[in-house]
Amino acid sequence: MMSSVEFYPVNNPIGDLVRSIFPEPVAVLINGLLALLSLMALVGSLGAVLIYLERKVSAHFQLRLGPMRVGPHGLLQAVADGIKAIFKEVLKPEGADTFIFFLAPLLPVSAAFLVLAVIPFDHHLQVADPAGGVLYVLGVSGLSVLGILLAGWASNNKYSLLGAMRSGAQMVSFEISIALLMLLIVMVSGTASLRGIVLSQQGTLFDWWIFKLPFLGIFAFVMYLIASTAELNRTPFDISEAESELTGGFATEYSGIGFAMFFLGEFVNMFVSACLVTTFFLGGFFPPLLGVPVIDPILSLIPGFLWFFIKAFAIIFIYMWFRWTFPRVRVDQLMYLEWRIMLPANLLLLLLSGLFVAQGWAG
Amino acid sequence: MATDTEKNEKAMTMQLINKYIPDNPLPEGFRLPLSNDSEAEEFFINIGPQHPSTHGVLRVVVRLDGETVVEVVPHLGYIHRGIEKMAENQTYIQNLHLSDRLDYLSAFFNNLCLCMTVEQALEIGIPERGEYIRIMISELQRLQSHLLWWGVLGMDMGGFTTFFYAFRERELINDIFEELCGARLTVNYFRPGGSSADVPDTFIPRVKNLISALRKVLDEYQTLLNRNIIFLERTKGIGILPPETALSYGCTGAVLRGSGVNYDVRRHDPYSIYEQFDFDIPLGKTGDCYDRCQVRMEEMEQSLRILEQAVTRFPSGPYRSQPKPTYKLPKGSYYSQVETPRGLLGVYIVSEGETKPYRLKYRSPNFSNLSVLNEMVVGHKLADLITILSTLDLVIPDIDR
């Protein structure tokens, strides 16, 4: 049997404490449970924080104040909304497939939850670090498109079905771009473990892959942002929800907690996506000026996971900025963007990066 | 020539279907035959009567092949209130408040048109100040309506932020209206011979303030939405309306001018004192959604120009002539028309010599503009249908009346 140290290669004091008290098999179990519980806490609190953030950011983009009534500056608005969603009646349309209808809202959240397990928040804050972490991320994040497809299919509503079909086509296409960009990072960093990718960017901010890879890094970063926005179904690529065309898209028939789960899934997925951008391009949990005298000791006072969150939330702000600025693209334009522009560009980028790596120019 | 024969063929097919297929398998109103293509997966979808993008209780039944629109049929009447029938039992003054409720975004124009018909019948003249008030209020209303249209256009295309930006300036105009007559939407302000009340002292300063505020932001609007690459991709070449089609359906307003037909009641059949003002009639070239949008954006500039001229020349003196509690129109029929933000609004009154009209008919611009919808959307995607509906700038209560 694997030892708990092998299973969780990243040690932290709590894990060590558990291992010192309990015998090996029990420690594996307890450590696993603790990790999952902390992830659950993270997902739960993230939902509230991100929803509040989005409402406030959108409000200030739109010359409004946003929620102001519940708690100081509307801080408790997300809690109030959550309670409301729980107590609302869950309606199921006639002719809907009951099992799938209620299963679908759980999938996007589950996908986000599973990806969060391999995100290195800090040196010692990672639930698991499989050697093929990137592959795992790619595989698991497919669950969220499955949720949307199932929801659209099971709702017995034409709007939902149209939304689901759009979303299916869109997310499957953009997943190719995302996979190619991930492959690029794996190639230049020489490892598929997410922790390994972060460790390969040790140094100042010019050692992050966004700058370390001459010219190409920036392109890859921008393309990853675009592709992940599309994958997240956010404006300008929110054609699957498209409230002005499809009223609510795949979520038209959902009410109460089912809708809340989709909502939560959407926001946590946005965080997951920002985490992946941080890990791949922005040096993960490293402070920006590692190794620079005088400044680095000061910056290093901020713990690594805070650096990680600062970077991730900066990316989230960019996603929100997109959403509250752009109009929506049309479904065929989206497909054109992926298959005729993004995909060839990605392949070219991959080719050039390969050249850079072979010549030893990449970092 | 090829298009002509195609059109003839289409017309003949329609006739044949109506004649020989009495039990048409398609829902009411659909004319095109079922597709011969076995691959086609056609289905019908209801946009409305409760839908965020119809801006009112309009129901559009769409025949879709996947995402592509095959045919649309608008169903009207969900907000029919019988205003024209009610009008027969009310005096002309009482009718003014009913006309507010036709096209609530151009309530002043509806008032104005009705008043003009009464004035025409009784040959009532309007004092100069009254005319200036009318023109300024009309142009303010045009600005207010176009601002709302612009905000909603962004929202229909998925960008919410435009809505709030448009409302920031629209509030300034609504405040002027509120101070003027106590109402922001259903105003009941103009009367035969002038208006119900004089403008307050703050009116001119407020209008000046508005002009300077709007001049600044109109370019900001262009940057935010109309110059955005996604917006350009979504509107250029979408929903092309040829000038002949626009004319044959009776389209007016920006829909007609977007197709390049130079017709504006203010210029070509001038009423009030529009001849004394210097303004341009913006025209489109291709008649696509983008042209209609740019025509409306340009119209806002022109309205500002008119307002600027009116502010500098605003005269003093009486604001209304010959006020009476009721007006008795001599026997006969009378017609007058104005250019509302949406197009040509006409009022036709048949009088039997009573204080109430025998028959009152509104010629609403929205009805004609909606009728042309099917010609524009065929072959486009579902998302384009929403864009096209939005650039038609419909107000549904005006269609149903």
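**Figure 1. Burial in chain A of the predicted model.** Of the 363 residues in chain A, 45% count as buried. The model is a predicted one. Among contacts in chain A with a separation of 6 or more, 75% come from residues 24 or more positions apart.

**Figure 2. Overall fold of chain A.** Chain A holds 16 helices and 0 strands. Its C-alpha trace spans about 60 × 55 × 45 Å along the principal axes. What radius of gyration does chain A have? The value is 21 Å. A compact globule of 363 residues would have a radius of gyration near 21 Å, so chain A agrees with that expectation.

Figure 3. Strand S2 (residues 59-65) and strand S3 (residues 68-75) of chain B run antiparallel. They are joined by 7 bridges. Asp65(B) has Thr68(B) in S3(B) as its bridge partner. Between the strands of this hairpin lie 2 residues. Gly66(B) takes a positive phi near 65 degrees in the hairpin. In a regular strand, side chains alternate between the two faces of the sheet.

**Figure 4. The contact of chain A with chain B.** Chain A gives 23 residues to the contact, and chain B gives 28 residues. Which helices of chain A each supply at least two residues of the side that touches chain B? They are helix H12 (243-246) and helix H16 (331-359). By class, this side of chain A has 9 nonpolar, 6 polar and 8 charged residues.

Technical notes: Residues numbered from 1 in each chain as written. Chains lettered and ligands numbered in written order. Predicted model: local features only at pLDDT ≥ 70, side-chain atom pairs only at ≥ 80, totals over all residues. Helix = DSSP H or I, 4+ residues; strand = E, 2+ residues; numbered from the N terminus. Rg over C-alpha atoms; globule rule 2.2 N^0.38 Å. Buried ≥ 20, exposed ≤ 12 C-beta atoms within 10 Å, placed from the backbone. Contact = placed C-beta atoms within 7 Å. Pairing = 2+ DSSP bridges. Nonpolar A, V, L, I, M, F, W, Y, C, P; charged D, E, K, R; others polar.
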